[in-house]
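The structure comes first, and the description follows.

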Amino acid sequence: MTALLASFACGLVFAIGLALGGMTQPSKVVGFLDFTGAWDPSLAFVMGGALAVHALLGRFVRARPRPMFSAAFTLPTRNDIDARLVAGSAIFGVGWGLGGFCPGPSLVALGGGMDAALVVVPAMLAGMLLHDRWFAPRVNRPLRSGEGLAAVR
Amino acid sequence: MEHFTPFSSLAGGMLIGLSATGLLLLLGRIAGISGIVGGLLAGEDLPWRGAFVGGLLAGGLLTSVFHPAALTMTLDRSKPALAIAGLLVGFGSRLGSGCTSGHGVCGISRGSTRSIVATMVFMSTGAVTALVITQLFAGAV
């Protein structure tokens with residue numbers, strides 16, 4: 001129960017951060033990405049603020065033996081740069097530059113009743129399902145020597 | 001530099017960093033929204049994922065009450081364009097194992113080369129896409 005409240009609280013703070021940072025205004029996102037237009041560096045300040053806090057504090061947190069309300073940390077383990085990482089990031093970037101929404105802000109926008117989110121969020125969920133349920137199972141390949149399952153997931 | 005909001009953006013970013021640190025400290029999880037939602041769609045660990053997404057939605061609701069100006073859409077985008085954008089963001093984030101929060105904030109904070117590369121790639125394609133729309137489509141699609 002405490003863990004659920006903690007998770008909810010984190011989501012709430014995250015949302016407030018996004019809204020305060022201007023990231024629920026797609027024009028500010030595109031205003032940053034399109035550096036040839038009337039450039040708005042705000043997004044960089046959002047990123048910078050987030051990194052300044054999380055890069056510093058995260059080190060102390062990860063040094064702990066375990067999280068407070070969970071048995072262990074669940075952290076990514078992969079270190080390789082593969083085609084999926086690059087292709088996926090590239091595709092994500094196109095969608096982000098096109099709509100000015102990424103997953104977090106789109107959900108905050110949905111909660112806030114933004115019309116655009118009513119289109120973006122279902123489409124985003126559809127895109128996720130398209131990958132997870134249709135694309136990924138079809139491209140899973142035999143493991144190469146030394147690879148773990150994580151390499152094909 | 002138009003519409004530049006250095007202080008609120010920095011403050012907002014710091015709250016995001018605080019939230020991510022909180023999720024890591026309390027639940028030991030990465031605050032990568034695409035990963036959290038993807039897991040939700042797969043029916044994994046519904047309680048904490050649902051709670052986190054609930055927090056995002058609740059935050060949106062609060063914003064609509066106390067600071068509705070933060071929720072304005074001034075981009076000229078048709079419904080089909082928004083749908084395609086959403087599709088690409090959804091598909092791409094799952095294929096690439098993360099998004100701006102997962103890779104950009106959490107991954108870079110851990111010094112992950114994968115995340116640094118991912119962020120550089122999506123920033124680049126994002127920039128090209130945005131400027132193509134501005135320059136070739138007069139900012140309206």
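## Helix packing between the chains

At what angle do helix 4 of chain A and helix 4 of chain B pack, and how far apart are their axes? In this predicted model, helix 4 (residues 83-99) of chain A and helix 4 (residues 79-95) of chain B pack at about 155°, with axes 7 Å apart. Axes here are lines fitted to C-alpha atoms over the stretch in contact, with angles from 0 to 180 degrees between N-to-C directions, and helices are DSSP runs (H or I, at least four residues) numbered from the N terminus. The two helices are therefore roughly antiparallel, the class for angles over 145 degrees, whereas those under 35 count as roughly parallel, 65 to 115 as roughly perpendicular and the rest as oblique.

Their crossing is left-handed, meaning that the near helix is turned anticlockwise from the far one by less than a right angle. The contact (heavy atoms within 4.5 Å) includes A:Phe92, A:Trp96 and A:Leu98 on one side and B:Leu88 and B:Phe91 on the other. By class, it has 15 nonpolar, six polar and one charged residues, where Ala, Val, Leu, Ile, Met, Phe, Trp, Tyr, Cys and Pro count as nonpolar, Asp, Glu, Lys and Arg as charged, and the others, Gly among them, as polar.

## The interface as a whole

The contact takes 106 residues from chain A and 105 residues from chain B. The buried area, which is the accessible area (1.4 Å probe) lost on putting the two together and summed over both, is about 9100 Å², with carbon and sulfur atoms giving 76%. In chain A, A:Phe14, A:His54 and A:Leu98 lose the most area to chain B, together 8% of what that side buries.

## Salt bridges

Eight salt bridges (a side-chain nitrogen of Lys or Arg within 4 Å of a carboxyl oxygen of Asp or Glu) occur over all chains, and the count between chain A and chain B is three. A:Asp132 pairs in this way with B:Arg94, the closest N and O atoms being 2.9 Å apart.

Within chain A, A:Lys28 forms a salt bridge with A:Asp40 at 3.1 Å between the closest N and O atoms. A:Lys28 lies in helix 2 (residues 26-33) and A:Asp40 in the loop between helix 2 and helix 3 (42-62), so the pair ties together parts twelve residues apart in sequence.

## Basis of the values

Residues are numbered from 1 along each chain as its sequence is written, while chains are lettered from A and ligands numbered from 1 in the order in which they are written. Local features need pLDDT of at least 70 and side-chain atom pairs 80 or more, whereas totals for chains, interfaces and linings use all residues, and side-chain values use heavy atoms, leaving out hydrogens and water.
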